[in-house]
Amino acid sequence: MYARLDMTLSADKDLSFQMPSSFHGALMEQLEPEYAAELHSSQLHPYTQHLERKEDEWHWVVTALNERACQEIIEKKLLKLQEFKLNKHQIDLKIMDRRYTELSKRELAFNFYQNSQSPYISLRFLTPTAFKYQGRYINYPELSYLYSNLMNKYDAADDEESMQDEDTLEQLIRNTSISRYDLHSIAFSMEGIRIPAFLGTMTLRIHGTQTMCNFANMLFQFSEYSGIGIKTALGMGAVRYCDSGQFLKN
């Protein structure tokens, strides 16, 4: 089961897109010390969090990628949280509203096995997104990085089955093209480091079989919870998915 909690914020000082790492620190302060230590020492992060601006309001969005993370992070802590503080910036925040959504593995599987998904997939990258390969940052959405990253994230979140398969990955890359895009480069600042990244929208077209279309759609539907790319626990890689290409329509 995958879960998302979207919290509308009220702050006594201005917020910034470059503050997600501070929000990550605030999140860790809310958790039970044992679980926070476990997350800190693990290479796998069963959660994401990012800061998002919607019209005139700031939203803090936290997702959980397995049932334990949902229980420890969202159910025990964030659903009960009324106010908190960003100590680094001396900002007091209140949670004015919450919107909680879930996506079960059964729902995700149904879309793969039963529905006929569109061959057009649109993605809106909401926060700076990047990949890392052989020690260097990649600030453009190359298909091999997109697909392999999502397959790895899915496997990390699921103890029961593995999606990573070289043949499937090759077929996805070979049968996908970027039909439209509106992307720009941006730097994401984190603890004195500027990470080259990108923002914007893009539309993919799947040229393969209906099964291939459904599989790609399933991966990108999952991406709304897992994020895409590196440092999704620190505010990068938040994405919104649409299966009709509407983000890039004039």
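**Labels and their cut-offs**

Analyst: Strand β4 (residues 83-86) and β5 pair in the antiparallel sense over 4 bridges. The model is predicted, so local features need pLDDT of at least 70 and side-chain atom pairs pLDDT 80 or more, while totals for chains, interfaces and linings use all residues. Residues are numbered from 1 along each chain as its sequence is written, and side-chain values use heavy atoms, leaving out hydrogens and water.

User: What makes β4 and β5 a pair?

Analyst: Two strands pair if DSSP finds at least two bridges between them. Strands are DSSP runs of E of at least two residues, and helices are runs of H or I of at least four, both numbered from the N terminus. With 4 bridges, β4 and β5 therefore meet the rule.

User: Which strand pairs with β1 (residues 2-11)?

Analyst: β5 (residues 91-103) does, in the antiparallel sense over 10 bridges. Ala-11 has Leu-93 of β5 as its bridge partner.

User: Why is the contact between Asp-6 and Lys-54 called a salt bridge?

Analyst: The term needs a side-chain nitrogen of Lys or Arg within 4 Å of a carboxyl oxygen of Asp or Glu. For Asp-6 and Lys-54 the N to O distance is 2.5 Å, so the pair qualifies. Asp-6 is in strand β1 and Lys-54 in strand β2, 48 residues apart. By this rule the count comes to 6 salt bridges, including Glu-38 with Arg-68 at 2.7 Å. Glu-38 lies in helix α2 (residues 33-41) and Arg-68 in helix α3 (residues 67-78), so the pair ties together parts 30 residues apart in sequence.

User: Is Asp-6 buried or exposed, and how do you know?

Analyst: Buried means under 20% relative accessible area, exposed over 50%, and partly exposed in between (1.4 Å probe, protein chains only). Asp-6 has 9%, so Asp-6 counts as buried. Lys-54, at 26%, counts as partly exposed.

User: What about Arg-174 and Glu-170?

Analyst: Their closest N and O atoms are 3.4 Å apart, and they form a salt bridge. Both lie in helix α6 (residues 166-174), 4 residues apart, about one turn of the helix. Arg-174 is exposed, because its relative accessible area is 56%, and Glu-170 is partly exposed at 39%.

User: Where is Asp-56, and is that residue buried or exposed?

Analyst: Asp-56 sits in the loop between β2 (47-54) and β3 (57-64). Its relative accessible area is 68%, so Asp-56 is exposed.
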